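Here is a briefing on one protein chain.

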Amino acid sequence: GRNHRHSQSVTVVVLLATMGALFSSGGGKKKKKAKEEKLPPREPDEFDAMDEEALKDAIERSEQQLLEIRRNRNFYQLERDQFQRYYSSVHGEVEQTEATIRRVEAQMEQMQDHHRNDIRIYLQKVVHLEYEHENNVKAVHRQAEAKRSSQAEQHAGRREELVAKKAELKRVLATEERQYEAEIKALKESERKEMEKLREQFEDSHKDLEAKYEKRLQELRDDLELRRKLEVHEISERKNKHINELMVNHEKAFEEMRNYYNSLTTDNLSLIASFKAELADLRVRGEENHRTMTKSRDEIGCLPSLSRRLKNG
């Protein structure tokens with residue numbers, strides 16, 4: 001990205017400055033005087049303090065970076081040629097597609113003309129069918145009116161017959177209702193007498209059962225009272241035994257818990273001591289890291305001035 005291009009430009013500037021320094025050190029007095037007259041005085045940079053070996057190393061590194069830049073340029077040129085081929089191929093396909101679209105549009109226009117002609121034909125057929133439908137509707141209305149008149153006459157005759165049948169059925173129903181009322185009255189009277197007899201029998205049997213079950217209930221109460229006393233005594237004995245077992249288990253568990261927490265306290269004290277030692281070590285490392293970070297910040301702060309000197313040089 002941008003950082004890579006910036007580093008490449010800085011490398012080229014370093015290479016040119018280094019080569020210029022070497023050529024200026026081996027030139028004649030006339031060239032030095034001409035450069036001193038033409039070029040303004042420049043500030044000393046880091047390359048002035050280098051010896052010949054360091055400058056050669058810098059030149060070798062700069063040449064390697066220049067070769068890398070040339071390889072990247074060739075790679076980008078190959079990519080550009082490939083994109084050009086892709087563009088030519090896609091452009092041809094686009095022209096073919098446009099030609100196909102024009103043919104399809106012409107076919108669609110022709111189909112639309114045929115469709116408009118078909119619509120005109122169908123509209124004429126619809127007008128003819130609507131005329132025939134109107135005539136058929138009128139004929140159906142005439143037939144329906146004739147059938148309605150005949151059905152109204154039949155309905156009137158049928159209604160008179162049903163009115164007569166209804167009056168006859170009402171007379172028959174009134175006669176049957178009177179007969180049913182007399183039968184129901186007789187049945188209610190016989191049912192009342194039967195119910196009184198059954199009520200007397202039920203009351204006698206109820207009194208006998210009540211006396212019998214009262215006696216049985218008293219016997220059950222006495223039996224249950226005796227069982228209750230025995231179970232209460234047994235439960236009391238089991239309760240005392242369980243209380244004694246709980247007291248013994250509680251003493252045992254309390255002793256085990258006390259031993260556990262004593263050992264846990266001892267382990268925690270040893271862990272706290274080890275953590276304190278680690279904390280002291282971490283503080284020392286933090287101070288060393290802080291000094292290293294401060295030194296790195298100072299070095300980074302010197303980079304802009306170095307970049308400006310390289311550009312000016």
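Glu134 and Lys138 form a salt bridge, with their closest N and O atoms 4.0 Å apart. Both residues sit in helix α3, 4 residues apart, about one turn of the helix. The model is predicted.

- Side chains of opposite charge can pair when their charged atoms come close.
- Glu134 is partly exposed because its relative accessible area is 43%, between the 20% limit for buried and the 50% limit for exposed.
- Lys138 has a relative accessible area of 43%, so this residue is partly exposed too.

**Other salt bridges**
- The structure holds 14 salt bridges.
- Glu189 bridges to Arg192, and the closest N and O atoms are 2.6 Å apart.
- Helix α3 holds both Glu189 and Arg192. They are 3 residues apart, about one turn of the helix.
- Glu189 has 36% relative accessibility, so Glu189 counts as partly exposed.
- Arg192 counts as partly exposed because its relative accessibility is 40%.
- Which residues are linked in a network of salt bridges? They are Glu189, Arg192 and Glu196.
- Glu225 forms a salt bridge with Arg228. Here the closest N and O atoms are 2.6 Å apart.
- Glu225 and Arg228 are separated by about one helical turn because they are 3 residues apart in helix α3.
- Glu225 is partly exposed, since its relative accessibility is 34%.
- Arg228 is at 44% relative accessibility and therefore also counts as partly exposed.

**Fold and overall surface**
- The protein chain has 3 helices and 0 strands.
- Along the sequence, the pattern reads α-α-α.
- Helix α3 covers residues 52-312.
- How much of the protein chain do buried residues make up? They account for 4% of its 313 residues.
- The accessible surface of the protein chain is about 29,200 Å². Carbon and sulfur atoms hold 57% of that surface.

**A buried serine**
- Ser62 is found in helix α3.
- Is Ser62 buried or exposed? Ser62 counts as buried because its relative accessibility is 4%, and the cut-off for buried is under 20%.
- The Ser62 side chain reaches the backbone oxygen of Ala58. The distance is 2.8 Å.

**Negative patch**
- Asp51, Glu53, Asp57, Glu60 and Glu63 gather on the surface in a patch of negative charge.
- Glu60, one of these residues, lies in helix α3.
- Glu60 has a relative accessible area of 46%, so Glu60 is partly exposed.

**Nonpolar patch**
- Which residues form a nonpolar patch on the surface? Met257, Tyr260, Tyr261 and Leu264 do.
- Together these four residues have about 410 Å² of accessible area.
- Tyr261, one of the four, lies in helix α3.
- Tyr261 counts as partly exposed because its relative accessibility is 45%.

**To take away**

Note on methods: Residues numbered from 1 in each chain as written. Predicted model: local features only at pLDDT ≥ 70, side-chain atom pairs only at ≥ 80, totals over all residues. Heavy atoms only, no water. Patch = residues over 30% accessible without salt bridge, like charges linked within 9 Å, V, L, I, M, F, W, Y side chains within 5 Å. Areas by Shrake-Rupley, 256 points an atom, 1.4 Å probe, with all protein chains shown as cover. Salt bridge = Lys/Arg side-chain N within 4 Å of Asp/Glu carboxyl O. Helix = DSSP H or I, 4+ residues; strand = E, 2+ residues; numbered from the N terminus. Buried < 20%, exposed > 50% of the residue type's maximum accessible area, 1.4 Å probe, protein only. Polar contact = N/O pair within 3.5 Å; in protein donor to acceptor, adjacent residues only side chain to side chain. Lys, Arg positive; Asp, Glu negative; His and termini not counted. Charge placed at Lys NZ, Arg CZ, Asp CG, Glu CD.
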